[in-house]
Amino acid sequence: MNNFWTTFNGPVFSLAPMEDVTDTVFREIVMGMAAPEKLHVVFTEFTSVEGMDHPVGRERVSERLIVNESERELLRKLNIKIVAQIWGRNPEVYNRIAGYISENYDFDGIDINMGCPVKKVFKIGACSALIGEPERAKEIVLATKEATSLPVSVKTRTGIKEHITENWIANLLEVDPAAIILHGRTQRMQSEGEASWAEIAKAVQLKNSMKPDIPVHGNGDVLSYKQGLKRIRETGVDGVMIGRGIFHNPWFFNPEKTVISEEDRITKLLEHTRLFEQTWSPEKNFNILKRFYKIYLNSFPGAAKMRADLMEVKNYDEVYRYFK
């Protein structure tokens with residue numbers, strides 16, 4: 001197995017998998033704004049193995065694994081790795097789908113979601129609920145690894161109701177994932193409260209004593225590239241994953257670009273809209289785009305009015321006309 005997670009020199013930055021956010025279009029836009037060597041890994045939206053295993057469900061669910069040719073070119077040019085993130089609860093299904101993805105797609109790795117805190121997912125015993133079922137969690141990692149030659153990483157949290165970082169991470173280290181990405185919150189915290197980098201530091205110390213070759217990356221409340229570097233220095237993590245930080249600044253991975261003009265912001269908004277229309281119209285709901293308009297239109301006079309106006313538009317043409 002070629003574990004790309006261990007091949008980086010220096011601090012590693014990745015863009016987190018986010019529902020209805022990190023599709024092929026947004027990944028391409030973010031990569032297009034990144035400075036060389038500042039973004040190393042991107043992830044798909046999380047993809048249900050049960051959905052992929054279902055003959056009717058597969059077509060719809062597999063939209064999450066689409067990689068546009070234009071994105072593929074950027075990945076190659078910038079030497080950025082792309083990882084398919086999967087979730088579910090049944091080790092056998094993980095095994096089948098990991099094999100299917102490896103044979104039919106061109107990803108650099110597979111990541112198992114053991115972190116999503118959403119209640120309806122938690123209730124069916126998937127994602128962060130697996131923290132409460134350590135034996136099943138290990139079976140899932142082993143079943144996935146058995147089916148693929150790709151590196152299999154795990155993204156997870158520090159516990160369910162309270163931090164149990166050391167017990168839980170020790171459990172995962174037993175089955176040698178290619179990397180562990182740890183969000184410094186419990187399931188119960190959802191996205192509230194402050195992410196605990198002290199807990200992430202505990203995970204690093206533990207892996208250093210148990211399995212020093214397995215990279216541990218931290219995730220939670222990193223709002224600038226500089227802050228990410230500081231977290232790496234303070235905790236010893238091998239890298240940092242950026243989630244909501246990208247909403248504060250879509251140019252996150254271009255830290256030298258400190259001033260972003262109104263013109264730059266509108267240009268990117270239109271580029272994003274066109275690419276989204278080309279890729280997803282008519283399958284995906286146009287309104288998904290509106291969450292992105294909020295991240296481009298800020299920090300200049302009149303931005304609030306523009307945001308409000310764009311919340312009212314009904315289709316792509318109205319967006320293009322608005323900026324004419």
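## Exercises on burial and contacts

Arg60 is exposed, with a relative accessible area of 52%. That value comes from a predicted model.

### Exercise A: a salt bridge at Arg60

Find the residue with which Arg60 forms a salt bridge, and give the distance between the closest N and O atoms.

**Solution.** 
- Start from Arg60. Its salt-bridge partner is Glu63.
- Take the closest N and O atoms of the pair. They are 3.5 Å apart.
- Check the cut-off: a salt bridge needs the side-chain nitrogen within 4 Å of the carboxyl oxygen.
- Arg60 is exposed at 52%, whereas Glu63 counts as buried at 15% relative accessibility.

### Exercise B: a bridge across the sequence

Which parts of the chain does the salt bridge between Arg72 and Asp106 tie together?

**Solution.** 
- Confirm the bridge. The side chains of Arg72 and Asp106 meet at 3.8 Å, N to O.
- Locate both ends. Arg72 sits in helix H4, and Asp106 in the loop between helix H5 (91-104) and strand E5 (109-114), so the bridge ties together parts 34 residues apart in sequence.
- Compare accessibility. Arg72 is buried, with a relative accessible area of 14%. Asp106 is partly exposed, at 48%.
- Recall the general idea: side chains of opposite charge can pair when their charged atoms come close.

### Exercise C: a bridge within a helix

Where do Lys138 and Glu135 lie, and how many residues apart are they?

**Solution.** 
- Both residues belong to helix H7 (residues 134-147). They are three residues apart, about one turn of the helix.
- Lys138 counts as buried at 12% relative accessibility. Glu135 counts as exposed at 51%.
- Elsewhere, salt bridges with shared partners join Arg89, Glu133 and Arg136 into one network.

### Exercise D: the faces of H10

Why do the buried residues of H10 line one face of the helix?

**Solution.** 
- List them. In H10 (residues 225-235), the buried residues are Tyr225, Gly228, Arg231, Ile232 and Thr235.
- Look down the axis. The buried residues of H10 fall within an arc of 110°, so they line one face.
- Find what they pack against: strand E1 (12-15), helix H9 (197-210) and strand E9 (239-242).
- Turn to the face away from the buried side. It carries the exposed residues Lys226 and Arg233.
- Step past the helix. Just after H10, Gly236 takes a positive phi of about 80°.

Is Asn298 buried or exposed? Which residues does Leu65 touch, leaving out those up to four places away in sequence?

**Solution.** 
- Asn298 is in the loop between helix H13 (290-296) and helix H14 (303-311).
- Asn298 has a relative accessible area of 18%. The limit for buried is under 20%, so Asn298 is buried.
- The Asn298 side chain reaches the backbone oxygen of Ile295 at 3.2 Å. It also makes a polar contact with the side chain of Ser299 at 2.8 Å.
- Beyond four places in sequence, Asn298 touches Arg265, Ala303 and Arg307.
- Leu65 lies in the loop between helix H3 (57-61) and helix H4 (69-78). Leu65 counts as buried, at 1% relative accessibility.
- With the same exclusion, Leu65 touches Thr44, Thr47, Met52, Ala84, Ile101, Tyr105 and Phe107.
- Leu65 and Thr24 are 41 residues apart in sequence, yet 8.2 Å apart in space, C-alpha to C-alpha.

Note on methods: Residues are numbered from 1 along each chain as its sequence is written. This is a predicted model: local features need pLDDT of at least 70, side-chain atom pairs count only at pLDDT 80 or more; totals for chains, interfaces and linings use all residues. Side-chain values use heavy atoms; hydrogens and water are left out. Buried means under 20% relative accessible area, exposed over 50%, partly exposed in between (1.4 Å probe, protein chains only). Helices (H or I, at least four residues) and strands (E, at least two) are DSSP runs, numbered from the N terminus. The arc is that of the directions from the helix axis to the C-beta atoms. Contact means heavy atoms within 4.5 Å. A polar contact is a pair of N or O atoms within 3.5 Å; within protein, one must be able to donate a hydrogen and the other to accept it, and residues adjacent in sequence count only if both atoms are side-chain atoms.
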